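Welcome! Here is a short briefing to read alongside the sequence and the 3D view.

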Amino acid sequence: MTNAVVTPDGVREFAAQSVSGGLALILGLVGVVAGAGLIVFGALSASALVKGSLIAGGVLLTVASGIAMGGLNMVAPGEARVVQLFGRYRGTLRKDGLRWVNPLTTREKISTRVRNHETAVLKVNDAYGNPIELAAVVVWRVRDTARATFEVDDFMEFVETQTEAAVRHIAIEYPYDAHEEGGLSLRGNAEEITEKLAVELHARVEAAGVEIIESRFTHLAYAPEIASAMLQRQQAGAVVAARKLIVEGAVGMVELALTRLAEKEIVDLDPERKAAMVSNLMVVLCGDRAAQPVLNTGTLYQ
């Protein structure tokens, strides 16, 4: 068999040498039947020498056939067998069906199916030091069975631990909400942060021969002790943004009104009355309550 492929990064997976299990099973059964037949013929033989030879040959053939059939392996889809001979890696069986390998080897079953791991809700501090809660789910599978078996002690526990470490690291690198314009935040830039989480997870679990298929956050919120204060801050920010939009709209409307009055020559306003008109319009347009009309029964200046 081929020697294990050893690289500076450790052992890498390669295909184990094997033959069709159906043929090996037939030959093994034929050997067992032939051995039993030799034992029977030997028992019926009149010659002591022939009897001993046939019985001994039959026993040896039966035992050898039984040992040979011990090399049969049933490999299901989504599974693999890591083959070792006296402690040395001899390849991996991935082809499904009945296969035969050296019966002296050991074959460890390992699943190559897609798996999910969802972290518990973790409480950490974001980049601004605010306590937040977050959780993530990771979809993964074993890509290199040799590394998963020999490079780490328990690849499933390794993935779980590294996933939690990556989520914590991402949380402390970025704020929940960015205070600066254009800054990345956990809440406002979910796609970008998820991509960074996937990159970090890939780097962390590569040693175990694991492939990260997908990763995403399933829970993201401020910790209960500051949730109320942060809600007030968000509400204040929303009010300021709304007021800014209202003022911008009001300025445009006042400008349009003054321009149209000048174009139509409806009334000629001096700077003082124009300022008063602008003030009144801004109060009406930006106020929270409906305007209360006041009738001026005097002149324009009284």
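Val59, Val63 and Ile67 make a nonpolar surface patch of about 240 Å². Please keep in mind that this is a predicted model. The points below begin with that patch and then visit a loop and the strands.

**The nonpolar patch**
- One member of the patch, Val63, lies in helix H2, which covers residues 48-69.
- Is Val63 buried or exposed, or something in between? Val63 has a relative accessible area of 45%, so it counts as partly exposed.

**A loop residue to look at**
- Phe86 lies in the loop that links strand S5 (79-85) and strand S6 (88-93).
- The phi angle of Phe86 is near 55°, which is a positive value in a residue other than glycine.
- Phe86 counts as exposed because its relative accessibility is 71%, and the cut-off for exposed is over 50%.

- Three strands form an open sheet in the order S3-S7-S4, and their pairing is antiparallel.
- Strand S3 (19-20) and strand S4 (72-75) are the edge strands, each pairing on one side only.
- Two bridges join S3 to strand S7 (residues 97-100) in the antiparallel sense.
- Across this pairing, Val19 stands opposite Trp100 in S7.
- Helix H1 (residues 21-44) packs on the sheet and touches S3, S4 and S7. The direction of H1 makes about 60° with that of S7.

**Strand S11 and its partners**
- How many of the residues in strand S11 are buried? In this strand (residues 131-142), 10 of its 12 residues are buried, so S11 is mostly covered.
- Strand S9 (residues 115-118) pairs with S11 in the antiparallel sense over four bridges, and Arg115 stands opposite Trp140 in S11.
- Strand S10 (residues 122-125) also pairs with S11 in the antiparallel sense, over four bridges. Here the bridge partner of Lys123 is Glu133 in S11.
- S10 and S11 form a hairpin with five residues between them. Within the turn, Gly129 has a positive phi of about 85°.
- Strand S12 (residues 210-222) runs antiparallel to S11, and 11 bridges join the two.
- Which residue of S12 stands opposite Trp140? The residue is Ile212. Trp140 therefore has a residue opposite it in S12, namely Ile212, and Arg115 stands opposite Trp140 as well.

Notes
Residues numbered from 1 in each chain as written. Predicted model: local features only at pLDDT ≥ 70, side-chain atom pairs only at ≥ 80, totals over all residues. Heavy atoms only, no water. Patch = residues over 30% accessible without salt bridge, like charges linked within 9 Å, V, L, I, M, F, W, Y side chains within 5 Å. Areas by Shrake-Rupley, 256 points an atom, 1.4 Å probe, with all protein chains shown as cover. Salt bridge = Lys/Arg side-chain N within 4 Å of Asp/Glu carboxyl O. Buried < 20%, exposed > 50% of the residue type's maximum accessible area, 1.4 Å probe, protein only. Contact = heavy atoms within 4.5 Å. Axes fitted to C-alpha atoms, helices over the stretch in contact; angles between N-to-C directions.
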